[in-house]
Amino acid sequence: MRPSNDRHRTNEQRDQHQRVNEQIRISPIRVIGAAGEQLGVIPTSQAMDMAREAQLDLVEVAANERPPVCKILDYGKFRYQQSRKGTKTKVHQQKLKEIRVRPKTGDHDVETKINQARKFLEHKDKVLVNVLFRGRELQHIEEGRRIIDMILQHLIDVAKVEKPPSMEGKRMTAMLAPKVGT
């Protein structure tokens, strides 16, 4: 004959398993009602009747106490809440989003890029603004500077400038980070 599984469980595994309804064999028990009120130390059979009357379950919540503490509640809902406690809320991982324009990009297209950048910043992501120069466009750096300044001016309410505009090879870049207060 094989030994029961209870003997092979660690204390941690035993603590995680709650006895429900007929699994509670010890008597008397301390009972907490469905609304959280103390009902006192009563026989297990009487507590079971009370739980059935309320169409709920009798769940052992503190097995190590003397007498054990049991609560009248909806066991399915209780297990769901316990599983939700185990999963942490996901923390937003800040990403770096990139907006690319050229010196010849039209004003309406730049406005569309500004709206995209605004959404990224509101979602707490950083934005790298790139103005790419090709060929003879390098002779008109001031046009790229005008565009990048316009973008920064439109986003100043939701962003702070982390890195001011600067030339890096054939591109002008600026870095925006979301404002902490938004």
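These legends go with several close-up views of one protein chain, and the model shown is predicted.

**View 1**
The protein chain has five helices and eight strands. Starting at the N terminus, the elements follow the pattern α-β-β-α-β-β-α-β-α-β-α-β-β. Of the 182 residues in the protein chain, 31% are buried. The accessible surface is about 12600 Å², and carbon and sulfur atoms hold 49% of that surface.

**View 1. An open sheet with the order E2-E1-E4-E3.**
Four strands build this sheet, and their pairing is mixed. Look at the edges, where you will find E2 and strand E3 (57-62). Each of these has a single partner strand, so one side of each is left without a neighbour in the sheet. From one strand to the next, the twist averages 30°. Strand E3 pairs with strand E4 (residues 69-73) in the antiparallel sense, over five bridges. Within this pair, Leu-58 has Ile-72 in E4 as its bridge partner.

**View 2. The hairpin of E1 and E2.**
Strand E1 (residues 29-32) and strand E2 (residues 38-42) run antiparallel, joined by four bridges. Find Ile-29 here, and you will see Ile-42 of E2 opposite. Five residues lie between the two strands of the hairpin. Among the residues of the turn is Gly-36, with a positive phi of about 95°.

**View 3. A second open sheet, in the order E5-E6-E8-E7.**
This sheet has four strands and mixed pairing. Strand E5 (96-101) and strand E7 (159-168) stand at the edges; each has a single partner strand, so one side of each is left without a neighbour in the sheet. The twist here averages 15° from one strand to the next. Strands E6 and E8 (residues 171-178) run antiparallel and are joined by six bridges. Val-129 stands opposite Ala-174 in E8.

**View 4. Helices H4 and H5 against the sheet.**
Helix H4 (residues 107-122) packs on the sheet and touches E5, E6, E7 and E8. The direction of H4 makes about 175° with that of E5. Helix H5 lies across E5, E6, E7 and E8 as well, running at about 5° to E8.

Side chains of opposite charge can pair when their charged atoms come close. Arg-52 is partly exposed, with a relative accessible area of 48%, and Asp-49 is partly exposed at 43%.

**View 5. A salt bridge between two strands, Lys-126 to Glu-162.**
The closest N and O atoms of Lys-126 and Glu-162 are 3.0 Å apart. Lys-126 lies in strand E6 and Glu-162 in strand E7, so the pair ties together parts that are 36 residues apart in sequence.

**View 6. A nonpolar patch on the surface.**
Leu-138, Ile-141 and Met-167 form this patch, and together they have about 200 Å² of accessible area. Leu-138 sits in the loop between strand E6 (126-132) and helix H5 (141-155). With 31% relative accessibility, Leu-138 counts as partly exposed.

Definitions and conventions
Residues are numbered from 1 along each chain as its sequence is written. This is a predicted model: local features need pLDDT of at least 70, side-chain atom pairs count only at pLDDT 80 or more; totals for chains, interfaces and linings use all residues. Side-chain values use heavy atoms; hydrogens and water are left out. Two strands pair if DSSP finds at least two bridges between them. Patches are made of residues with over 30% relative accessible area and no salt bridge: like charges are joined within 9 Å, nonpolar side chains (Val, Leu, Ile, Met, Phe, Trp, Tyr) within 5 Å. Accessible areas come from the Shrake-Rupley method with a 1.4 Å probe; for residues, only the protein chains shown count as cover. A salt bridge is a side-chain nitrogen of Lys or Arg within 4 Å of a carboxyl oxygen of Asp or Glu. Buried means under 20% relative accessible area, exposed over 50%, partly exposed in between (1.4 Å probe, protein chains only). Axes are lines fitted to C-alpha atoms, for helices over the stretch in contact, and angles run from 0 to 180 degrees between N-to-C directions. Contact means heavy atoms within 4.5 Å.
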